[in-house]
Amino acid sequence: MTAETISADASGTWKLGDLPVHRIGFGAMRLTGSAAFHHGTPSDRERSLAVLRKAVELGVNHIDTAAFYFSSLRSANELINTALSPYPRDLVIATKVGPHRDLHGEWGTSARPDQLRGHVEENLRQLGRDHLDVVHLRRMRQDSIAEHFGALAELRQAGLIRHLGISGVEPRHLAEALEIAPVVSVQNRYAVDRPDPVDDEVLRMCGEHGIAFVPFYAVAGAAGEHGATTAHDDAVLSVARAHGASPAQVRIAWTLHRGPHVLAIPGTGNPDHLVENVAAGALRLTGEELARLDASRRRAR
């Protein structure tokens, strides 16, 4: 693949509400260090800023972030603000609220509904915005999300939020949210080597309702917040060889093949990996290759 010549528009487009985005976006979690949060070592600031600017040059117009994306020295939101403000008119910044980390990076108690406004306002302050394009409520093990999602719906009515999403949910939570306000996006953990019939059903429901399904850790796999996995099964490796692509590119391409409503938000602090990730949006897998990858995924259960 000639990655340097491929831009994000090769992946196609989808609308988050009324906001069109390319299906290949960018996840900001890995901007702050060699691994997420306080794992690994903090990133080089100038390199992280360069990655963000390069992403926009390559046509990326959907960035996923959160105020709790920070390491001991770096804040993803501050990097985004510094690198990209004043923001391009077509750039959509999606964020998440609910989880909380203190100044030392320790995870605290998740937000109560009445605390979500503070989470939203902190993202606004860090990003230098007067409203947030998309805000996802990250479910933190609560059985019902109605009260929390309702609080965000009120902030949408107040003009602080344009569109709402949810994250880490089961089908019943999506149905619950849709009774309260429109949902434009669902972010769940999802990968070619992580079979989960619950998430498959969420993906199906999203397609039925015209909602974007946005997997996270699609490249990282089992490694999760610690970085990209190096454990690729034979199916991924063989498809990668056939296309002269990397295993990470095959993982991204498989994700996008799950449906036209599926978006990808691979994250990296490496400029070369960024170019490869964006180029994966042009990788077209054959029916036989998809069947092989799907069969491998089923065997992983």
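## How the elements are named

Helices (H or I, at least four residues) and strands (E, at least two) are DSSP runs, numbered from the N terminus. The model is predicted, so to speak of local features needs pLDDT of at least 70, and side-chain atom pairs count only at pLDDT 80 or more, while totals for chains, interfaces and linings use all residues. Residues are numbered from 1 along each chain as its sequence is written, and side-chain values use heavy atoms, with hydrogens and water left out.

## The second largest pocket

Let's start with α3, which gives the most to the lining of the second largest pocket, with 6 residues. Both β5 (92-97) and α3 (116-127) supply at least two lining residues each. The space in this pocket is about 320 Å³, and 19 residues line it, of which Ala 67, Phe 68, Phe 70, Glu 122 and Gln 126 are the closest to its centre.

A pocket here is an open set of points on a 1 Å grid over the protein atoms alone, where a 1.4 Å probe fits, with protein on both sides within 12 Å along at least five of seven lines; lining residues have an atom within 4 Å of a point. The volume is the space filled by probe spheres set on the points, which are joined across faces, edges and corners. By class, the lining has 6 nonpolar, 7 polar and 6 charged residues (Ala, Val, Leu, Ile, Met, Phe, Trp, Tyr, Cys and Pro count as nonpolar, Asp, Glu, Lys and Arg as charged, and the others, Gly among them, as polar).

## α2 against α3

Helix α3 also packs with helix α2 (residues 76-84), at an angle of about 40° and with the axes 8 Å apart (axes are lines fitted to C-alpha atoms, for helices over the stretch in contact, and angles run from 0 to 180 degrees between N-to-C directions). That angle makes α2 oblique to α3 (under 35 degrees is roughly parallel, over 145 roughly antiparallel, 65 to 115 roughly perpendicular, and the rest oblique).

On the α2 side, Asn 77, Glu 78, Ile 80 and Asn 81 meet Asn 123, Gln 126 and Leu 127 of α3, where contact means heavy atoms within 4.5 Å. This contact has 2 nonpolar, 4 polar and 1 charged residues.

## Two backbone details

In the loop between α2 and β5 you will find Pro 86, joined to Ser 85 by a cis peptide bond with omega about 0°. Arg 141, in the loop between β6 (132-138) and α4 (146-157), has a positive phi of about 70° although it is not a glycine.
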